Amino acid sequence: MREDVSKLHHLAIKAVIKRVHLIGGLLLAAFSCWLFQTLPVQAEAVTSPKTCQIGVYLTSLRDFNPAEQSFSANFWVWSLCPFETPKPLESLKVINSKEVSTNYNSFSRSENLSDTFKANKYVFVSEQEIKATLYHNWDTKNYPFDRYKLEIPLEEAKLDAFTSSFFAIIR
C-alpha cells in the first residue's frame, strides 16, 4: 500500500510539474509576444534638402611659387537653382587660400531649359568671377619630371546638408 501511495504521489508530482512547465511556456510565449509586439509608429515626413547645380570654369593658372608654397588661379563659379533661395555663391568660401578677390557677381531668373529641374518653370542662375592665391605643397623631389594635382577647395559656408565642400581639381 505504501508503494501504491508513493506511486500515486510520484505521478501527482509529475503531473504538477508538467502543468507548471505548460503554464510557464504559455506565460513565456505571452510575454514574448507582448515584448516584441509592433507598436504603431508615426513617422514625420522627411523633406529632402534643396539642391543646386554648381560648376567651375577655370580661366587661368599662374604664379607657381614653390618657395612660398602657392599658386594663383582665376575661375568662374556658377550655380543653377530651382528656387530663389538658397543662393550658394553668396556664402562661397575658397578654403586653403592666401588671398581671394571677387570681381563680378550676378544673379538672375531665367526660363527653365534645364533637364535637371524639369518640374520648375524658372531657374535661378548665379555666377561669380574669383581670383585666388592658394597654398600648395610643391614636392620637387622628382624634378624635372614632377607632376602636380592642384586643388581649389570651395565650401558653401552657411547651409549644410551633411557636408557642402566640393573641389575643383586641375591636373
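Hi everyone, let me start with a pair of charges: Glu 151 forms a salt bridge with Lys 149, and their closest N and O atoms are 3.7 Å apart. Before I go on, please keep in mind that this is a predicted model. Glu 151 is partly exposed, with a relative accessible area of 30%, and Lys 149 is partly exposed too, at 40%.

How many salt bridges does the count come to? The count is four, and I'll show you two others besides the one I opened with. Asp 139 forms a salt bridge with Lys 141, with 3.9 Å between the closest N and O atoms. That distance counts because the cut-off for a salt bridge is 4 Å. Here Asp 139 is partly exposed, with a relative accessible area of 42%, whereas Lys 141 is exposed, at 74%.

The other one joins Arg 62 and Asp 63, where the closest N and O atoms lie 3.7 Å apart. Arg 62 has a relative accessibility of 31% and so counts as partly exposed. Asp 63 is partly exposed as well, with a relative accessible area of 49%. Exposed means over 50%, so Asp 63 stays in the partly exposed class.

In what order do the four strands of the open sheet run? The order is E1-E2-E5-E4, and the pairing is antiparallel. Strand E1, residues 53-65, and strand E4, residues 97-111, stand at the edges; each has a single partner strand, so one side of each is left without a neighbour in the sheet. On average, neighbouring strands of this sheet are turned by 10° against each other, direction ignored. As a quick reminder, strands of a sheet pair through backbone hydrogen bonds.

E4 pairs with strand E5, residues 122-135, in the antiparallel sense over 13 bridges. If you want a landmark there, look for Phe 107, which stands opposite Ser 126 in E5.

The landmark here is Tyr 57, whose bridge partner in E2 is Trp 76. The hairpin of E1 and E2 has four residues between the strands, and in this hairpin Gln 69 takes a positive phi near 55°.

Let me finish with two residues of E2. Asn 74 has its place in this strand, and this is where Arg 62 returns: the side chains of Asn 74 and Arg 62 make a polar contact at 2.7 Å. So Arg 62 has a salt bridge with Asp 63 and a polar contact with Asn 74.

Is Asn 74 buried or exposed? Asn 74 is buried, with a relative accessible area of 12%. Leaving aside neighbours within four places in sequence, Asn 74 is in contact with Leu 58, Thr 59, Ser 60, Arg 62, Ile 130 and Lys 131.

The other residue is Ser 79, also placed in strand E2. Ser 79 is buried, with a relative accessible area of 0%. What surrounds Ser 79, leaving aside neighbours within four places in sequence? Ser 79 is in contact with Gln 53, Ile 54, Pro 88, Leu 89, Phe 124, Val 125 and Ser 126.

Note on methods. Residues are numbered from 1 along each chain as its sequence is written. This is a predicted model: local features need pLDDT of at least 70, side-chain atom pairs count only at pLDDT 80 or more; totals for chains, interfaces and linings use all residues. Side-chain values use heavy atoms; hydrogens and water are left out. A salt bridge is a side-chain nitrogen of Lys or Arg within 4 Å of a carboxyl oxygen of Asp or Glu. Buried means under 20% relative accessible area, exposed over 50%, partly exposed in between (1.4 Å probe, protein chains only). Two strands pair if DSSP finds at least two bridges between them. Axes are lines fitted to C-alpha atoms, for helices over the stretch in contact, and angles run from 0 to 180 degrees between N-to-C directions. Contact means heavy atoms within 4.5 Å. A polar contact is a pair of N or O atoms within 3.5 Å; within protein, one must be able to donate a hydrogen and the other to accept it, and residues adjacent in sequence count only if both atoms are side-chain atoms.
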